[in-house]
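Visitor: I'm new to this one. Can you put it on screen and walk me through it?

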Amino acid sequence: MTKIETKAQYDWAVKRVEELLPLVNDETPRDDPNSIELELLSNLVADYSDAHFALGEPSLIEVLKLRMYEMGLSQDSLAKLVGVSPSRLGDYISGKCEPTLKVAREMSRKLNIDARIVLGV
């Protein structure tokens, strides 16, 4: 097998990896058949997972809502924290507009949000 193409193949490969894990450890020689099979199947499973189950990067809207929840902030208190009006913050959360560079910096610093997410890059 050079590539996992179906969910059934993926499920089989995951099950086989789980069977092989107890048989291979750091002391197992690299040329051991179980070690070779485990490495090959693990790579195939990882490739399939990346292609079919990748989550992708979160959006600014998702992260703002999460930070509000995590920090116990209302929309008004979050707006005050980043220095914008509650209605402007509402525009950011609804996706009607994007923050200015100055506001993006404040969001990144004060909410500990990766700048790439805030800037959408």
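What follows is a short chat about a few residues in this model.

Guide: This is a predicted model, where local features need pLDDT of at least 70, side-chain atom pairs count only at pLDDT 80 or more, and totals for chains, interfaces and linings use all residues. Residues are numbered from 1 along each chain as its sequence is written, and side-chain values use heavy atoms, with hydrogens and water left out.

Visitor: Where is Tyr-48 found?

Guide: Tyr-48 is in helix H2, which covers residues 33-53. Helices here are DSSP runs of H or I with at least four residues, numbered from the N terminus.

Visitor: Is Tyr-48 buried or exposed?

Guide: Buried, because its relative accessible area is 8%. The cut-offs are under 20% for buried, over 50% for exposed and in between for partly exposed, using a 1.4 Å probe and protein chains only.

Visitor: What is Tyr-48 in contact with, leaving aside neighbours within four places in sequence?

Guide: Ile-4, Glu-5, Thr-6, Lys-7, Tyr-10 and Phe-53. Contact means heavy atoms within 4.5 Å. Take Glu-5: it sits 43 residues from Tyr-48 along the chain, and their C-alpha atoms are separated by 7.7 Å.

Visitor: How many aromatic pairs does the structure hold?

Guide: Three. Rings of Phe, Tyr and Trp (its six-membered ring) pair if their centres lie within 6.5 Å; planes under 30 degrees apart are stacked, over 60 edge-to-face, and the rest tilted. One of the pairs is Tyr-10 with Phe-53, tilted, at 5.3 Å centre to centre and 55° between the planes. That pair links distant parts of the chain: Tyr-10 is in helix H1 (residues 7-20) and Phe-53 in helix H2, 43 residues apart.

Visitor: Why is the pair of Tyr-48 and Phe-53 edge-to-face?

Guide: Because their planes are at 70°, with the ring centres 6.0 Å apart. Ring pairs link Tyr-10, Tyr-48 and Phe-53 into a cluster. Tyr-10 is buried at 13% relative accessible area, while Phe-53 is partly exposed at 41%.

Visitor: New topic. Where is the place of Thr-28?

Guide: Thr-28 is in the loop between H1 and H2. Its relative accessibility is 15%, so Thr-28 counts as buried.

Visitor: Which residues does Thr-28 touch, not counting those up to four places away in sequence?

Guide: Leu-23 and Ser-35. Also, a polar atom of the Thr-28 side chain lies 2.9 Å from the backbone nitrogen of Asn-25.

Terms used
Helix = DSSP H or I, 4+ residues; strand = E, 2+ residues; numbered from the N terminus. Polar contact = N/O pair within 3.5 Å; in protein donor to acceptor, adjacent residues only side chain to side chain.
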